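Thanks for coming, everyone. Please have a look at the structure, and then we will go through it together.

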There are 2 protein chains.
Amino acid sequence: MHNKIDCQDERFSPKTNHIDSSECQLCEVRACGMCSELDTATLNDLRKITRSRDYKAGELIFSDDAPLQSYAAIKSGIVKLSKILPDGRQQTLGLGFPPDFIGRTYKDKNTYFVSAITNVTVCTFPRDLFNEYLKATPSLEHRLFELTLNELDAARDWMLMLGRMSAIEKVATLLLSFADRLYKSNSLQGIPCDETHFELPLTRSEISDFLGLTIETVSRQFSLLKKKGLIGITQQRFIEILDKEGLSLLAGQLKET
Amino acid sequence: MHNKIDCQDERFSPKTNHIDSSECQLCEVRACGMCSELDTATLNDLRKITRSRDYKAGELIFSDDAPLQSYAAIKSGIVKLSKILPDGRQQTLGLGFPPDFIGRTYKDKNTYFVSAITNVTVCTFPRDLFNEYLKATPSLEHRLFELTLNELDAARDWMLMLGRMSAIEKVATLLLSFADRLYKSNSLQGIPCDETHFELPLTRSEISDFLGLTIETVSRQFSLLKKKGLIGITQQRFIEILDKEGLSLLAGQLKET
DNA sequence: CGGTACTTTGAGAATCGTCAAAGATAGTGG
DNA sequence: CCACTATCTTTGACGATTCTCAAAGTACCG
């Protein structure tokens, strides 16, 4: 019985916890995540097969080859999706923020890795049971469809960046994107913040994997942006956007006037 | 009445045709496309709001800024999705083959261009009416969800290519991908073909937009592959794969032994 | 305080882009 | 049938951007 439910791959930290009903009501991502379309009864049913689980920064959540045993929804923290070429070259495909859903529905494998960038808490759902819910609950499938469409939009935006932008444009684009995303995410959770200051949750190495560059090139672009007075950097991770318009111009999404 | 149905943007070739019921039965993409999950009654309903439409090679099908008036399903031919930076740099996001669906559901705009690579025939559906069908028909939404997941998988494969592959690897990957896709597509339609000979439907310029390279670099990689004896080229467009394993090795997806 | 991991900076090399020109192909009209 | 043109492709020379390799600097943690 317990086996059936706790079917997360046990090679990685095996700790999972049951979810009680008050937790769902209090869940920060209840309103906008995959659960947002579910009525209380359905949510309660789903809750019974759901386990909460924590991952430390850097831990692997799903591998790209092991059969997918469960799906997950991010409650807090940031994850990255990535692919690796046989010779070790790595490309990050996108980031997952709360309340993103992770796992490839309708296939028994992910074709990419999912790993924790920061400490992460997720709700996990055993694959087989969740699939049955999905089949029986069109509103849930509808919500997942919408989330998937958003992911596809994001993937295509990054394709333009990867294929056609210079190193400096890529870095400027990433910074603007983070400023926006973190601001919205923090505001939503009631955390005081402003649009121009934020902490980059990624190392230079993670950034380079995301932008299709090397660490050194990324570092050079940061130095360049600082020298141009467009951004300020403190402690390597804390970014201040000093000239948002200038940065947007560099990012190449605005037409020069 | 006619306005309501023929709401395709009229700036582009305005010719549309009604679909009669026998046409749906004979449709080449009936079995695997978005219609595959629909029963006869639903299909007949949908058919009433559907119009067939032809586009010549090169024609624009959907723009990236005009409000989306209709969706479409590809019956024959190949389309490309692309984005353009304000300064004119272009990136192709993917190709659409029969029976792909085109158009962003649940948003009133595409964020990319869709244009015909070859001559193309599509079924078009007025947006408002189709949305109502979609809401009322979970099986249709399920099918579109599956197609979208496949698109997302494809987009992520190309992200790895765009971000981390060298020019020669990109070209090798593209050729292998086309050999496979065209072989499957032709086989499905009963067209005699083999896996090693095919006609590239893209110009060098379209290839370069797809791979995130320049025309010249693409051309040089073709010459290189020819010189290495991995491929043969006749009339610039007809490709013969002479050494599939060697090409796969170059594409970087196989581990060197 | 020392060790580890991350970041920055520099020098030189490789890859890819730019500019230019010549070669090939397809379509047009005489 | 053959020039003629427009478009696409190939090739070359050169330059710019990015990568590689190496070393020094900085932050973090016990």
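Start with helix H8 of chain B: H8(B) gives the largest share of the surface near DNA strand D, five residues. Near, for a residue, means a heavy atom within 4 Å of the strand. Helices here are DSSP runs of H or I with at least four residues, strands are runs of E with at least two, and both are numbered from the N terminus.

Some ground rules. This is a predicted model, where local features need pLDDT of at least 70, side-chain atom pairs count only at pLDDT 80 or more, and totals for chains, interfaces and linings use all residues. Residues are numbered from 1 along each chain as its sequence is written, chains are lettered from A and ligands numbered from 1 in the order in which they are written, and side-chain values use heavy atoms, without hydrogens and water.

Back to the DNA. How many residues surround DNA strand D? There are 18, and the closest are Ala167(A), Thr217(A), Arg204(B), Ser219(B) and Ser223(B).

By type, the surface has three nonpolar, ten polar and five charged residues. Nonpolar covers Ala, Val, Leu, Ile, Met, Phe, Trp, Tyr, Cys and Pro; charged covers Asp, Glu, Lys and Arg; the others, Gly among them, are polar.

Now some polar contacts, meaning pairs of N or O atoms within 3.5 Å. Ala167(A) uses a backbone N or O atom, 2.8 Å from a phosphate oxygen. Arg220(A) goes to a base oxygen instead, with a polar side-chain atom at 3.0 Å.

**Two helices in chain A**

Next, H7(A), residues 204-211, and H8(A), residues 215-227. Their axes come within 8 Å and cross at roughly 100 degrees. Axes are lines fitted to C-alpha atoms, for helices over the stretch in contact, and angles run from 0 to 180 degrees between N-to-C directions. So H7(A) is roughly perpendicular to H8(A), a label for 65 to 115 degrees.

Who makes the contact, that is, heavy atoms within 4.5 Å? H7(A) brings Arg204(A), Ser205(A), Ile207(A) and Ser208(A), while H8(A) brings Ile215(A), Val218(A) and Phe222(A). Four of these residues are nonpolar, two polar and one charged.

Key:
Angles under 35 degrees count as roughly parallel, over 145 as roughly antiparallel, 65 to 115 as roughly perpendicular and the rest as oblique. Contact means heavy atoms within 4.5 Å. A polar contact is a pair of N or O atoms within 3.5 Å; within protein, one must be able to donate a hydrogen and the other to accept it, and residues adjacent in sequence count only if both atoms are side-chain atoms.
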